[in-house]
Structures are given as structure tokens and as C-alpha cells.
Amino acid sequence: MTEIQPVVEQAPVRRTPPTRLAFALALVSAAAFGTSGPFGKALFEGGWTPAAAVTARIGIAALVLAVPTYLELRGRWHLLRKNLGIVLLYGMTGVAGCQLFYFVAVEHLSVGVALLLEYLSPVLLVGYTWLLTRRAPSRLTLAGAATAIAGLALVLNVFGDVQLDTVGVACGLAAAFCSAAYFVVASHTHEDSLSPLALAGAGMAAGVLPLVAVGALGLLPFRASTDDVPFAGHEVSFVIPLLGIAVIAAAFAYVTGVVSARMLGSRLASFVALSEVLFAVLFAWWLLGELPLPVQLAGGVLIVAGVLLVKASEDSPLVE
């Protein structure tokens, strides 16, 4: 059996400073992920449960990427065998784990608090890098982390009468660990690495299996409907938001996410990914007419400021 290399980031090395293209791709990926809110809400209002919508989302995305992944790997199937552990970890954490733990969390917590817990992944990656390299984070990194998380809390509007639940908090933190693992795996490269397209395509196929199992076992409510759904002020076929959440918010978002993570590194990519929640608010404003609150816009400014602070710390010759 081929030995599977562990997913471990290397000690500090000299890295080419992130380019504008890398940041642009990371923002495009975050924006694509951010469309899942409006698309998903349309399906939910049409009678779909979150578990059914997510399973269909990942299943269709896996089908969309199947042919390109096959063409990418044709004649090089040994790369898939060498990276099987990477693929399974990617699919089980970044594709299935994040979403399953999040949905369990929202059964016990508000959506905002559950998302805030899940998006603690950049902070976990700062700690991971500290543990791996035995080098304390710079003041800029710590300031950026605190600023970005504060902005995230404002965008999600979690302040007020927050009710916490042990199971919900545990699942929210589990989602955060899965999200952190996603960025580590996505940014991990070596001589025989899969291409971003192949990793995303194979990872989707691996991730859909536990989602189907959860539905088959009845662990989460699983209902779908073919009725028309409300979207962007119109009644449309359920196919439109379903394809949107699968092709744009999954297939395209995951592929560009892997590309940008490899260019930026796991830690910086995870901070840029926080902009997903801001994009979600803006898309909800545009497509659903849900006006953002001033506090949410202020939170968006803090997220951007936090990312810039972390980016400034990454400009050091020695980075993660």
C-alpha cells in the first residue's frame, strides 16, 4: 500500500509575498461562498431542509467537477493514490464536517453565534502555526485576529440576549476545527500534489458520502421539494437556486479556494475568507432586499482592517 504523507505545514520558509491575483482569487472564492445564503434561503422557503439542500449542493458539485477531474487525472491516477489521505481529509472536514457540525449547532444556538464559532478557524490557525513553529505570533497578527473577529461579531449581529448551549457550542467549535483543517489541507503542497481542480473534485466525491449517510440514517431532517421558490422577487423553478448553490457556491468556490489558499498560505487565506459573511450580507441586500444594518457595515470595515493587519505581518520574510 502506498504510504500517505501526513498533512503538516513546514517550519517557517521564505515565501514570495502574496500577489494581487492571490487576494483577488481569495475574494472571488469568498464571494462565491457568500452566494450560498440567498440560494439556500430560496430552497428553504420552498420546503427544503438544510441537510437536503447541502447534500444536493455537494452531490451536484461533485458531478459538475467529475469530468474535469477525470481529464485532469487521466494517465496520472497514481497521484490520486498518493494523495488519498489528503482527499479524504479534505472531503470529511472542509466539505462535510463543517456543514454537518454547523447544522447541529444551529439547532441549539442562533445562526449568528453558530457562524461566529465556526469562523474562529483563523484564530485556531494562528495557534496552530505558533505550536508548529514555536514562534509566538507577531503583535500585528494578534491585533488583526482580534479586529477581524470583532468585525465578524458585528456583521453577524450576535450581541444582545445570547443563549448558549453546551452541545451547540461544542458543535460550533468542531465546525471551526473542520474549517481550519480545510485551509491547512487546501494550502498543503508537495512534489506530487493534486491540482486544485483535482483536489476539489475528488474531495467533493469523498464529502458527499457522509452527507448521504446522514440523510439515509435520519440523523438530520431530510426533505426536498420540486415546487417553485421565491428568489430575487420572483417565483422561479427550484432548479435555479439549486444550480446556483451547487455550481457557484460549491464547485467554483471550492476550486478557487484551493488555488488562493496555496498562493496565500492557510493562515492569511482563512482571514480573507472571513469576508464571506460580508458578501453574504451584500448578496442578501441585492437579491432578497434585506438591508444591512449600520453595525454590520461597520463590522465589514473591521474585517477588512483585520485582514490588512494580518497581511502586514505576513510581509515578514519568515512566515508560516
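Thr 256 is buried, with a relative accessible area of 8%. Buried here means under 20% relative accessible area, exposed means over 50%, and partly exposed is in between, using a 1.4 Å probe and protein chains only. This is a predicted model, in which local features need pLDDT of at least 70 and side-chain atom pairs count only at pLDDT 80 or more, while totals for chains, interfaces and linings use all residues. Residues are numbered from 1 along each chain as its sequence is written, and side-chain values use heavy atoms, with hydrogens and water left out.

Back to Thr 256, which sits in helix α11. Helices (H or I, at least four residues) and strands (E, at least two) are DSSP runs, numbered from the N terminus. Leaving out residues up to four places away in sequence, Thr 256 touches Leu 25 and Ser 29, where contact means heavy atoms within 4.5 Å. Glu 276 is 20 residues from Thr 256 along the chain, and their C-alpha atoms are separated by 13 Å.

In helix α11 (residues 239–264) there is also Tyr 254. Which residues does Tyr 254 contact, leaving aside its neighbours within four places in sequence? They are Phe 33, Tyr 90, Gly 94, Val 95, Gln 99, Tyr 182, Ala 200 and Met 204. Tyr 254 is also among the residues with the most contacts inside the largest nonpolar core, which has 76 residues. A nonpolar core is a set of buried Ala, Val, Leu, Ile, Met, Phe, Trp, Tyr and Cys residues joined through side-chain atoms within 4.5 Å. Another core, of 15 residues, lies apart from the largest one, and includes Phe 39, Trp 48, Ala 53 and Leu 242.

Now the rings. The whole structure has ten aromatic pairs. Rings of Phe, Tyr and Trp (its six-membered ring) pair if their centres lie within 6.5 Å; planes under 30 degrees apart count as stacked, over 60 as edge-to-face and the rest as tilted. Phe 33 and Tyr 254 make an edge-to-face pair, at 5.0 Å centre to centre and 80° between the planes. This pair links distant parts of the chain, 221 residues apart, with Phe 33 in helix α1 (residues 20–34). Both of these residues are buried. Tyr 102 and Phe 103 form a tilted pair, with 5.6 Å between centres and 55° between the planes. Phe 33, Tyr 90, Tyr 182, Phe 183 and Tyr 254 form one aromatic cluster.

Next, Gln 296, in helix α14 (residues 294–314). Is Gln 296 buried or exposed? Gln 296 counts as buried because its relative accessibility is 13%. Not counting residues up to four places away in sequence, Gln 296 touches Leu 154, Val 155, Leu 278 and Val 281.

One backbone point. Most residues other than glycine have a negative phi. Ala 232 is not a glycine, yet has a positive phi of about 55°. Ala 232 lies in the loop between β2 (229–231) and β3 (234–236) and is partly exposed, at 32% relative accessible area.

The search finds one cavity of 30 Å³ or more. On a 1 Å grid over the protein atoms alone, a cavity is a set of points where a 1.4 Å probe fits but cannot get out, and lining residues have an atom within 4 Å of a point. The lining of the largest cavity consists of Asn 83, Ile 86, His 188, His 190, Ser 193, Leu 194, Leu 199 and Arg 262.

Conventions:
1 Å grid on protein atoms, 1.4 Å probe; cavity = no way out; pocket = protein on both sides within 12 Å on 5 of 7 lines; lining within 4 Å. Points joined across faces, edges and corners; volume = space filled by probe spheres on them.
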